[in-house]
Amino acid sequence: MENKSDKSLRRHEIESYYNSLTKALYVEDPVDVWTFLSNPYFLGKATRNGLDVYPVWREALTDIFSDGSKTTIVLTGSTGTGKSSVAIWAIAYIQYRHMI
């Protein structure tokens, strides 16, 4: 069983590896997910500069894309909570990161 310091060290290793890959693979640094959703140059016009993104989804998307360690996500909730919109925005962000 991992203790807290082992988990912290492992997280640091993942972040370091992710940052190294980012520098090696991208021509320019990608913007963070919130900038992608709120800036009119990206999806800002479609999300009314981020106003259409519920705060809970903003926090979730920021967490999902913060360090690149998540490979699968599950969106749950009742009808009308924005799961489909979040999935579309996440896919668009992933495509953007692959294209730059």
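The structure is a predicted model, and its protein chain has four helices and zero strands, which follow one another along the sequence in the pattern α-α-α-α. Along its principal axes, the C-alpha trace of the protein chain spans about 40 × 35 × 15 Å. Of the 100 residues in the protein chain, 24% count as buried. Among the contacts in the protein chain with a separation of 6 or more, 59% are made by residues 24 or more positions apart.

- Helix H3 covers residues 55–65, and its buried residues are Trp-57, Leu-61, Ile-64 and Phe-65.
- When the helix is seen down its axis, these buried residues of H3 fall within an arc of 80°, so they line one face of the helix.
- On the other side of H3, the residues Pro-55, Val-56 and Glu-59 are exposed.

**How H3 meets H4**

- Two packed helices are described by the angle between their axes and by the distance between those axes.
- For H3 and H4, the axes come within 11 Å of each other and cross at roughly 35°, and the crossing in which H3 passes H4 is right-handed.
- On the H3 side the contact is made by Trp-57, Leu-61 and Phe-65, which meet Lys-83, Val-86, Trp-89, Ala-90, Tyr-93 and Ile-94 on the H4 side.
- Sorted by class, this contact of H3 with H4 has eight nonpolar residues, no polar residues and one charged residue.

**The largest nonpolar core**

- The largest nonpolar core has 15 residues, and the members that touch the most other members are Leu-37, Leu-61, Phe-65 and Trp-89.
- The elements that give two or more residues to this core are H2, H3 and H4, and the largest share, five residues, comes from H4.
- Leaving aside neighbours within four places in sequence, Trp-89 is in contact with Phe-36, Leu-37, Leu-43, Thr-47, Asp-52, Val-53 and Leu-61, and both Leu-37 and Leu-61 in that list are, with Trp-89 itself, among the core members that touch the most others.

- Tyr-93 lies in helix H4, and because its relative accessibility is 1%, where buried means under 20%, Tyr-93 counts as buried.
- Not counting residues up to four places away in sequence, Tyr-93 touches Val-31, Asp-32, Val-33, Phe-36 and Phe-65, and Tyr-93 is also one of the H4 residues that take part in the meeting of H3 with H4.
- Between Tyr-93 and Thr-79 there are 14 residues of separation in sequence and 23 Å in space, taken from C-alpha to C-alpha.
- Ile-88 also has its place in helix H4, but because its relative accessibility is 56%, where exposed means over 50%, Ile-88 counts as exposed.
- Ile-88 and Leu-21 are 67 residues apart in sequence, and their C-alpha atoms are 25 Å apart in space.

**The loops on either side of H2**

- The loop between helix H1, which runs over 4–25, and H2 contains Val-27, and because its relative accessibility is 80%, Val-27 counts as exposed.
- Val-27 and Tyr-17 are ten residues apart in sequence and 17 Å apart in space, from C-alpha to C-alpha.
- Most residues other than glycine have a negative phi, and this is the background to the next two residues.
- Arg-48, which is found in the loop between H2 and H3, has a positive phi of about 50° although it is not a glycine.
- Asn-49 also has its place in the loop between H2 and H3, and its phi is likewise positive, at about 55°, although Asn-49 is not a glycine.
- At 46% relative accessibility, Asn-49 counts as partly exposed.

Notes. Residues are numbered from 1 along each chain as its sequence is written. This is a predicted model: local features need pLDDT of at least 70, side-chain atom pairs count only at pLDDT 80 or more; totals for chains, interfaces and linings use all residues. Side-chain values use heavy atoms; hydrogens and water are left out. Buried means under 20% relative accessible area, exposed over 50%, partly exposed in between (1.4 Å probe, protein chains only). The arc is that of the directions from the helix axis to the C-beta atoms. Axes are lines fitted to C-alpha atoms, for helices over the stretch in contact, and angles run from 0 to 180 degrees between N-to-C directions. A crossing is left-handed if the near helix is turned anticlockwise from the far one by less than a right angle, and right-handed if clockwise. Contact means heavy atoms within 4.5 Å. Ala, Val, Leu, Ile, Met, Phe, Trp, Tyr, Cys and Pro count as nonpolar, Asp, Glu, Lys and Arg as charged, and the others, Gly among them, as polar. A nonpolar core is a set of buried Ala, Val, Leu, Ile, Met, Phe, Trp, Tyr and Cys residues joined through side-chain atoms within 4.5 Å.
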